[in-house]
Amino acid sequence: VLTYPSPKFKKSIPSFLSEKKIYEVLDKIDQTDKIEIYKLRDKAIIMLFFTSGMRLEEMTNLTLRDIDFNEKSIKILGKGDKERYANFDDKTEKLLVEYLELIKKYPLLKSNLDDNLFVDKDKKSLSRNKIQYTVMNNLKGLSVSSFGPHTLRHSFATHLINKGVSISAIQSLLGHSKLSSTQIYTHVSLDKLQSAI
């Protein structure tokens, strides 16, 4: 009996956004007629994806108790119930604090019985679909092949690669169990190639 190997499909290079594009998205949110609290919430969601590299499922399960504002770090429960830590920048911290102040959850974070981070108008935790819709709705129109939460995760990893962060460190930050999952990010930006040439 003849057997044939399964065809191997080449992994495509993931879409990613420049930092400039991310800030354009934030500016676009500011120009909408949304209530201020939802503008801040949407901007905080996008920046948290972009600066932490979290998966959609991880963002959905994120609570206030997982965030350490002093260290600008987040405890993440990833795939296979594996814990890891991620960080966020000053801009993301500012957006989170302003948002939490508006929904009366900052600075009394530890005394809050309601531990939801991102909430809807009824103060209920945002669903997975709602977070995904929020990102896709705000990123649509950009010149990328995909524009969901995973694009922001790809952007996070690509920026780290371009700044010289080691692939093993990025593997840890993304919560990949296999290095092969992270190696797709070893492509470099056109700017890097041009400067090398």
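A term before the picture: a crossing is left-handed if the near helix is turned anticlockwise from the far one by less than a right angle, and right-handed if clockwise. Helices (H or I, at least four residues) and strands (E, at least two) are DSSP runs, numbered from the N terminus.

Now the provenance. This is a predicted model, in which local features need pLDDT of at least 70, side-chain atom pairs count only at pLDDT 80 or more, and totals for chains, interfaces and linings use all residues. Residues are numbered from 1 along each chain as its sequence is written, and side-chain values use heavy atoms, with hydrogens and water left out.

The overall layout comes next. The protein has 9 helices and 3 strands, and from the N terminus on the elements run α-α-α-β-β-β-α-α-α-α-α-α. Of the 197 residues, 43% are buried, where buried means under 20% relative accessible area, exposed over 50%, and partly exposed in between, with a 1.4 Å probe and protein chains only. Contact means heavy atoms within 4.5 Å. Among contacts with a separation of 6 or more, 57% are between residues 24 or more positions apart.

Let me start with one helix pair. Two packed helices are described by the angle between their axes and the distance between the axes. For helix 2 (residues 36-52) and helix 4 (residues 90-102), the angle is about 145° and the axes are 9 Å apart. Axes here are lines fitted to C-alpha atoms, for helices over the stretch in contact, and angles run from 0 to 180 degrees between N-to-C directions. The crossing of helix 2 and helix 4 is left-handed.

Which residues in helix 2 meet helix 4? On the helix 2 side they include Ile 37, Leu 40, Ala 44, Met 47 and Leu 48, and on the helix 4 side they include Thr 92, Leu 95, Leu 96 and Tyr 99. By class, this contact has 9 nonpolar, 2 polar and 5 charged residues. Ala, Val, Leu, Ile, Met, Phe, Trp, Tyr, Cys and Pro count as nonpolar, Asp, Glu, Lys and Arg as charged, and the others, Gly among them, as polar.

On to the core. A nonpolar core is a set of buried Ala, Val, Leu, Ile, Met, Phe, Trp, Tyr and Cys residues joined through side-chain atoms within 4.5 Å. The largest one has 39 residues, and Leu 48 and Phe 118 touch the most other members. At least two residues of this core come from each of helix 1 (19-30), helix 2, helix 3 (56-60), strand 2 (73-77), helix 4 and helix 5 (128-139). Helix 2 gives the largest share, 9 residues.

Strands of a sheet pair through backbone hydrogen bonds, either parallel or antiparallel. Here 3 strands form an open sheet in the order 1-2-3, with antiparallel pairing; two strands pair if DSSP finds at least two bridges between them. Strand 1 (67-68) and strand 3 (83-87) are at the edges with a single partner strand each, so one side of each has no neighbour in the sheet.

Strand 2 and strand 3 are joined by 5 bridges. Ile 74 has Ala 86 as its bridge partner in strand 3, and Ile 76 stands opposite Arg 84. Arg 84 and Ala 86 form the covered face of strand 3, while Glu 83, Tyr 85 and Asn 87 form the uncovered one.

Last, the backbone in the loops. Most residues other than glycine have a negative phi, and most peptide bonds are trans. The hairpin of strand 2 and strand 3 has 5 residues between the strands, and Gly 80 there takes a positive phi near 70°. Asp 81, in the loop between strand 2 and strand 3, is not a glycine but has a positive phi of about 55°. Is Asp 81 buried or exposed? Exposed: the relative accessible area of Asp 81 is 63%. Lys 72, in the loop between strand 1 and strand 2, also has a positive phi, near 50°. Lys 72 counts as partly exposed, at 22% relative accessibility.
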